[in-house]
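These are my notebook entries on a two-part model.

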Amino acid sequence: MRIGVFICHCGSNIGGTVDCAKVAALAATFPDVVYATDPMYTCAEPGQAAIEEAIKNYQLDGVVVASCSPRMHEPTFRRTVERAGLNRYMFEMANIREHVSWIGKDIEANTNKAAELVKMAVAKLRNNKALHAASFDVNKKVLVIGGGVAGIQAALDCAEGGIPVVLVEREATIGGKMAKLDKTFPTVDCSACILGPKMVDVAQSPNITTYAYSEIESISGYVGNFTVTIRKKTTYVDWSKCTGCGACTEKCPSKKTPDAFNEVTGLTTAITIAFPQAIPKKAVINAQHCKKLLTGKCGVCAKTCPTGAINYEMKDELVTETVGAIVAATGYDLVDWTQYEQYGGGRYPDVITSLQYERLLSASGPTGGHIVRPSDGKEPKNVVFIQCVGSRDRSIGRPYCSGFCCMYTAKQAVLTKDHMPDSQSYVFYMDIRANGKLYDEFQRRAVEEYGTEYIRGRVSKIYPDGKGHLIVKGADTLLGQAVEVEADLVVLAVGVEAAKGAARLAEKLRISYDSYGFFMESHVKLKPVETNTAGVYLAGVCQGVKDIPASVAQGSAAAAKVLSLFSKDKLQSDPQISQVDIKRCIACGKCVQTCPFGAIELFDFRGQQKARVIETVCQGCGLCTATCPQGAIQLAHFTDNQILAEVDALCQC
Amino acid sequence: MDAINLSHKDAAFTRAVATRSGQSVTACYQCGNCTAGCPAGFTYDMPVSQIMRGVQLGLKDQVLNAKSLWMCLSCSTCTLRCPNDIDVAGIMETLRHMAREQGQVSVPKVNKFWMSFLDTVRIFGRSYEIGVMALYMMRSLRVFTDVDLAPDALSKQKLGLMPHVTPNGGAEAVGRIMQRFKERADREGGAA
């Protein structure tokens, strides 16, 4: 074998603390190395050209580049060697930047370690084999999980691109959190007016099939060929007959049902349509409050319904869909703020969440857009907003910033003044995070034009003064003094956490999630939409906190990823996958249990049980290879022999 | 007010407070929740959040001379409310020790009261109210302080003329504990 070695200086990143020329000179003495050099920037155009030239001039059949992390440039150099006629797997990379030059200043030690890593890479390359990707068909249909604004955007963009879309929404209507908002910052345009048309587009698009009031039961398969089981939850209303006329909701006698869409700021009936612009506009019976379902005596809705859509015997239904890609857009929920005992822990009716306040502001809310105190229905005068409730708080395990509360609090303060010109708003804040387009200007307007009193400090406690007010005890750290406000209404800017059940869904999708339940992107900067499972993309707050413009942008980005994936009729599978040597396999089934991707199955081979790897599902993680007691499973490109050759080389250093 | 030259800040002071209190001083992001909840804050010359800031910036004299250190009730509301899990009351305690070591006790009468209280505990194993009063009056020369409360307290038997009895050698045992603590402090340096 004829191997060429390139020791990259990476400017001074590596060259500053590693003697690259010496490493190259040492590399020239390693077995099979016929050429070694130390370019300044190997990844740059001249650096890559030098590799191609060396392959031709020295008839190389393998290349080692010692530079940065393979996460950074392995694909780059694989393409380089491929251009020069080599198989892309006849290439090895030694990471002498992140693993050497960036972590130590001792030039001699660094140079020695770099040479050792290069020696290992050479030893592995000597055992490498050319690998070839297989190709398989793509089912050009996409599943979007979550019908909030991010999911809607992803669905619409895919549908616009000619792709059939399956949109699954947990609630009875799409629209997500945005549908609950009154106005949106920084333009104060009506949320329903800008979201509504998009929701209608979803309903009218011939390419989109919506499953509302449904959840993902299970997912199997792999990029290009997923099989998804969807649980259509029991609505007790046959949606194929329901016209959304609302006659049932007028006659239903259970009028004291907590109104979930209105964040329990009001009451509704047991059979409801979430809100006038709901998509789909269909009725759902709340089984916990329906008299017919609880006691068997009622049936008013069934008698009222002009189309006979009510069915008290209905059960959950499972449907199966096959898709080629999945966009997860499951959004968020609010942190359970009632753990803040110092804010009343939910005992004071006039301490409400920001989302509840949105419903009070909204013309389609329970008060028709009139701001009233939940306790006595009177209009408040002093409204206190408290930011960072459940955000930036290590003591409750929520150390992160929820991102958009600063802005919606400013918006709510502005709207408060618009609704009630005689009112006075106070905002307790720690820092104002207003770094979007026109955001800071908007927050300043809340102060300068709307007279909102911003007080820099947290609130230590809230307590009733017995005369109908709530005393808010906080601090003004700029003044260096404790302050208090007599409030009529307190609005908590409650922080964001991953949607309930996000972790369970991540497990079904076989994607990672962080300790707060947010789904992990493939690379925090360079692959913010992809996940580590091929064909699964992220949009919206399920990946991390973001506001409406960013959620919409990520929805479109996810759609672009799906469209580019579907631009090919066939996909190439990664050949770095496990293979079973059936002569050695004893069908113990340990690999089947260990595989996190469900990529290994037992099958009947001439009357004997054997394990088999489903090539398109295997992600090449190598867990099965470590588990197999017989050494019967080998991961291509990371075989035992290749790894042992590296260990051998290291031990001989 | 003169500008404070931050390039000459006392980083050793910041480190010492962090080490002796076992708290992460840098974790404080100045939200002010400690100041907001402090029930003694109205007596402070420097609010507790600013004491935390002074510690972060190494403003040793300003912090150790603060009267607030001695007005602190050690009620720990600040610790309870801190979103960053900092034991702020523990830092206040550390600062009092440091001030005492430096001879910078800015409200001596509070220190004298505490010393008087501890003296009675050392001798009797429990607090002895009239003893505390007598010692405090001698130390502080504030002979008539709170004397007007005495008749009521006496009538409600809140002020015993005789010290409480601590049976089974308890008083001596408490005395030995305090002695050991003092010896260790003398040996290892630090507060006594």
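**Entry 1. Chain B**

I began with the domains of chain B: the centres of domain 1 and domain 2, taken over C-alpha atoms, are separated by 27 Å. The bounds are 8-102 for domain 1 and 108-187 for domain 2; such bounds come from an automatic or database domain assignment.

I recorded the ground rules next. This is a predicted model, in which local features need pLDDT of at least 70 and side-chain atom pairs count only at pLDDT 80 or more, while totals for chains, interfaces and linings use all residues. Residues are numbered from 1 along each chain as its sequence is written, chains are lettered from A and ligands numbered from 1 in the order in which they are written, and side-chain values use heavy atoms, with hydrogens and water left out.

I listed the secondary structure of chain B as eleven helices and zero strands. Helices (H or I, at least four residues) and strands (E, at least two) are DSSP runs, numbered from the N terminus. The C-alpha atoms of chain B fill a box of roughly 55 × 40 × 30 Å along the principal axes.

**Entry 2. Confidence**

I noted an average pLDDT of 91 for chain B, with 98% of the residues scoring at least 70; pLDDT is the predictor's confidence in each residue, from 0 to 100. For the model I noted ipTM 0.83 and pTM 0.84.

**Entry 3. The interface**

How many residues does each chain bring to the contact? I found 19 residues from chain A and 16 residues from chain B, where contact means heavy atoms within 4.5 Å. The area buried between the two chains is about 1,400 Å², and carbon and sulfur atoms give 48% of this area. Buried area is the accessible area (1.4 Å probe) that two parts lose on being put together, summed over both. On the side of chain A, Arg394(A), Arg458(A) and Ser460(A) lose the most area to chain B, together 35% of what that side buries.

I then looked for specific pairs.

**Entry 4. Backbone of chain A**

I checked a cis peptide bond between Phe185(A) and Pro186(A), with omega about -5°. Pro186(A) lies in the loop between strand E8 (183-184) and strand E9 (189-190). Tyr236(A), not a glycine, has a positive phi of about 60°.
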